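I opened this model to take notes on one chain. I wanted its overall build, then a spot on its surface.

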Amino acid sequence: MRLDIDVEKRLGSFSLRMETSLTGDRIGIFGDSGSGKSTLVHLIAGLLAPDRGELRIDGTTLFSSRDRINLTPEQRRIAIVFQQAMLFPHLGVKANLLYGYRRCRPEHRKIRPEAIIEVLNLQNLLQRGVNNLSGGEKQRVALGRAVLANPRLLVMDEPLSALDDSLRYQIIPYLKSVSEEFRIPYLFISHSITEMQLMADDVLVVAKGELAGVSTPDQIARTNMVGSPRGYLNLLRLGDPLLRDGLYHYPWGQGHLIVSDGNDHGESLFELSSRDIILFKNHPEAISARNLLECRVAELFESDGRNGVVLESGGKRLVAEIVRTAAEELGIAPGVIIFAAIKASAFRRLG
Amino acid sequence: MSLSPQDLTAIGLSMKIAVCATALSLPFGFATAWFMVFRNFRGKVLLEVLVNLPLTLPPVVIGYFLLLLFGRHGWAGAALRSAGIEFIFTWKAAVVASATVGFPLLVRSIRLGMESIDRQLIQASRSLGAAWYDTLATIVLPLSFRGMVAGSSLMFARSLGEFGATIIVAGNIPGLTQTIPLAIYDYASSPTGTSMALSLCAVSVTLSVAILLLHEVIGKKLENGRSA
């Protein structure tokens, strides 16, 4: 998908001005609350009209102040998943799911209801009223409803922010499988770096109503390494562990990782802070940390006076965070072999 | 308590006028409320004042304005007469008088209902491919239902009690335009009418209480239905 944005909009004392072109199917929009993310989304979806400018998607003009074009939201075919599920309270789950599908022209109906019900595991919810659903269930129905409208672009406006941590990471696999299965290009709006890492390939960084840059989730995580309360978060998707002495041994690269908070069945997503990795110049004889990995330094980057060390071990990468003096003492430079120690309890299971 | 055949006619007429006035006003009330809640336009304040004016204006004044409008020299009266419709001093004029006086109550209730609809529901509907009129019919209308029921019952009750505007445009003709309040007025001004007046008063109180009870019950029911 290609999206051309060149818009201006004033709303009271807030003003938004943005000009960019994006190509990609998994685009993130990242910024603090009040930065203009949602306003941008409203402009793209046609829920607000820009004061001036042009909006084009794959060559179709959605808005042009010069040519006096302003397609209505229903003509744009851009479905939104909101922070709150926003299910229609007077309709049941099934009627909610089919709301957009019924209004979709037959030639656009590529995704069938049966397929989405299967992927989102909605079978048991179909006959329920929407007010009896849990937060996570509601959001799944909202996602299904938006996808079934067979939109040309799916906009997810902080779809996980209203959910608590455990639910959030239960929903992410659904978001991913929907996007992989049905290949709908999407914009994913969030202020969470972790969500960006999981959901986006390219990221528009928005601040104070302006475009602060086009970046990648990894780059954003690196830039925010020092400022974030828990540093750079390495995300690892691990599966099929062996349980030995109460610890989970997950295959990882050519070796394995030992994790205390594992899960017996299926894949799990783990988070590892860059600050929980200790680096050694030589192989320590004995340490309490259960993981000791021999790594090659792939890259060294600077972030706010600290050093991020990109470690490569068995074909996989991890980012560790150290202060500059430590980097000097250890003689860390790209290509150097060092040892990384990680406690089994440092891996936080997300879902 | 005894009711004369004339009283029964008045009760029937009152009901007929109240039902017609409410039914006639409902679509207009819905449209006005929708305009005021969902549309931005210049002169919104003016419309607001105009809609609410009958609430503060003496009904007699409204009746007089209606008389000027629909009377022999009014343009609406002339148009109706050329269409062969006799209007002033008929029950139809009482319907219009009741509708005018009760309209603000209706609009207020529907508006409250509409204002409680989350805007994002409407945005969701539009982004799912519904045109504005489709959203209006499938989202706004059903979600304003409670406000419409509440407004209708209030308006119906107000119409049953309409006096000032009605007596000016419809007169007080027994059997033709005499409603409950007008009949009570007649009894009250005759020295022997006390018990007759009290009987009609009792009917009036009963009807009002019944409507308010119904209003509460339906409101509760709809609320429970929503949250269940």
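I count a residue as buried under 20% relative accessible area, exposed over 50% and partly exposed in between, with a 1.4 Å probe and protein chains only. With that cut-off, 46% of the 228 residues of chain B are buried.

I noted how to read the model. It is predicted, so local features need pLDDT of at least 70 and side-chain atom pairs pLDDT 80 or more, while totals for chains, interfaces and linings use all residues. Residues are numbered from 1 along each chain as its sequence is written, chains are lettered from A and ligands numbered from 1 in written order, and side-chain values use heavy atoms, without hydrogens and water.

Next I looked up the fold. Chain B holds 11 helices and 0 strands (DSSP runs numbered from the N terminus: H or I of at least four residues, E of at least two). Its C-alpha trace spans about 65 × 45 × 30 Å along the principal axes. I took a contact as heavy atoms within 4.5 Å. Of the contacts in chain B with a separation of 6 or more, 74% join residues 24 or more positions apart.

Chain B exposes about 11600 Å², 70% of it from carbon and sulfur atoms (Shrake-Rupley method, 1.4 Å probe; for residues, only the protein chains shown count as cover).

Which residue did I check in helix α2 of chain B? I picked B:Val45, in that helix of residues 44-56. B:Val45 is exposed, at 63% relative accessible area.
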